[in-house]
Amino acid sequence: MTPQPGKGEKPFHIISPVLESLPLSKAMGTKVYMKLENVQPTGSFKIRGIGHLCQEVTPPDPLLSAGGNAGLAAAYAAKKLGLPVTVVVPSTTGPATVRKLEELGAEVEVSGKVWDEANKRALELAQTEGWAIVHPFDHPLVWQGHASLVWELKDSLDTKPDAIVLAVGGGGLLAGVVAGLQQVGWQDIPIIAAETWGAHSFHAALEAGRLVSLPDITSVAKCLGAKMVAARALQCAQECQVISQVVEDTEAVRAVERFLDDERMLVQPACGAALAVLYTGRLQRLQVEGRLPTPLASVVVVVCGGSSIQLAQLQALKSQLGLE
């Protein structure tokens, strides 16, 4: 694999498996490959970009981050680097995530109901304390780290896929995948960007042609819960073919449950948004509309993470959404 530009340290992420999903392939009528980012050391793709950022720019000062998956990545990187870290999380963060953060040695502060409010508090602390802020998704070094995912796909697959399906929260993964596609010469591959209603800040930005701030995050997919995406995410849609798809919370949670049955892996609803695009036939609909080629020889779905989900939480979400 082509190495990431940098100082030469061994990255904190692993080369994650690329496996064909027979159940998803059957549902789609084409080969579906899973890029299993849920098996990363911190349970999500975030360690790629955040680990890279921390290795590249961190001074010997305490680190500061906001959010669950991003916080776990920052805490993991800080532990590897021998640095103290504080993670600010919104009140919607589950106790299991807080426990994992503390086990990694992070100081945890709860502030606000959504990520944006927690991030505001983190920025205040960074200013008053002089700590190094680690942004979860809006930094060029984060995107550069995430681009490694595409290099791994190029090394693993015999031919390039006809589409890539991924979830969008703040837009860091999207920006990284676009960067990677451009680096390996695959920039003509369509990207299907999945969100849930109530956390659809990327879709809203595309519709408006400018960045839009959602009034609130009402989706159960809290890991997609940035009220406004990074400006780079909107630029990506001008450089590559990015097709926005928004699914219902119920579809995302059903996809989580079905994926657990199909592949014996429990992922969070944010990842369920991407899986729901496949399970609900949306790709076939895009083919009928002429927005995707027919036939599709193969599709890659980025299984972005499962660090903040437990079986009891899945049952609670099903009950909350009336899926029992």
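These legends walk through close-up views of a predicted model.

Local features need pLDDT of at least 70 and side-chain atom pairs count only at pLDDT 80 or more, while totals for chains, interfaces and linings use all residues. Residues are numbered from 1 along each chain as its sequence is written, and side-chain values use heavy atoms, with hydrogens and water left out.

**View 1. The annotated domain, residues 16-305.** An unreviewed UniProt entry carries the annotation "domain: Tryptophan synthase beta chain-like PALP" for this span; UniProt positions follow the numbering used here, feature names are shortened, and annotations may be inferred rather than shown by experiment. The end C-alpha atoms of residues 16-305 lie 12 Å apart, and the span is 47% helix and 17% strand. Helices (H or I, at least four residues) and strands (E, at least two) are DSSP runs, numbered from the N terminus.

**View 2. The open four-stranded sheet.** Here the order is β5-β4-β3-β6, and the pairing is parallel; two strands pair if DSSP finds at least two bridges between them. β5 (107-110) and β6 (132-134) stand at the edges with a single partner strand each, so one side of each has no neighbour in the sheet. The twist from one strand to the next averages 25°. Look for β3 (residues 63-66), which is joined to β6 in the parallel sense by three bridges. Within this pair, L63 stands opposite A132 of β6.

View 3. Axes are lines fitted to C-alpha atoms, for helices over the stretch in contact, and angles run from 0 to 180 degrees between N-to-C directions.

**View 4. The open six-stranded sheet.** Its strands follow the order β1-β2-β10-β7-β8-β9, with mixed pairing. At the edges are β1 (18-20) and β9 (242-247), each pairing on one side only. Neighbouring strands are turned by 25° against each other on average, direction ignored. Strands β7 (residues 163-167) and β8 (residues 191-196) run parallel and are joined by four bridges; L166 sits opposite A193 in β8.

**View 5. Strand β2 and its two partners.** Five of the six residues of β2 are buried, so the strand is largely enclosed by the rest of the structure; buried means under 20% relative accessible area (1.4 Å probe, protein chains only). With β1, β2 pairs in the antiparallel sense over three bridges, and Y33 in β2 is the bridge partner of E20. With β10, β2 pairs in the parallel sense over six bridges, and K35 stands opposite V302 in β10.

**View 6. Where α8 meets α10.** The axes of α8 and α10 (residues 231-239) come within 9 Å and cross at roughly 35°. From α8, the contact takes in L174, A175, V178 and Q182; from α10, R232, A233, C236 and E239. These residues divide into five nonpolar, one polar and two charged. Ala, Val, Leu, Ile, Met, Phe, Trp, Tyr, Cys and Pro count as nonpolar, Asp, Glu, Lys and Arg as charged, and the others, Gly among them, as polar.

Key
Buried means under 20% relative accessible area, exposed over 50%, partly exposed in between (1.4 Å probe, protein chains only). Contact means heavy atoms within 4.5 Å.
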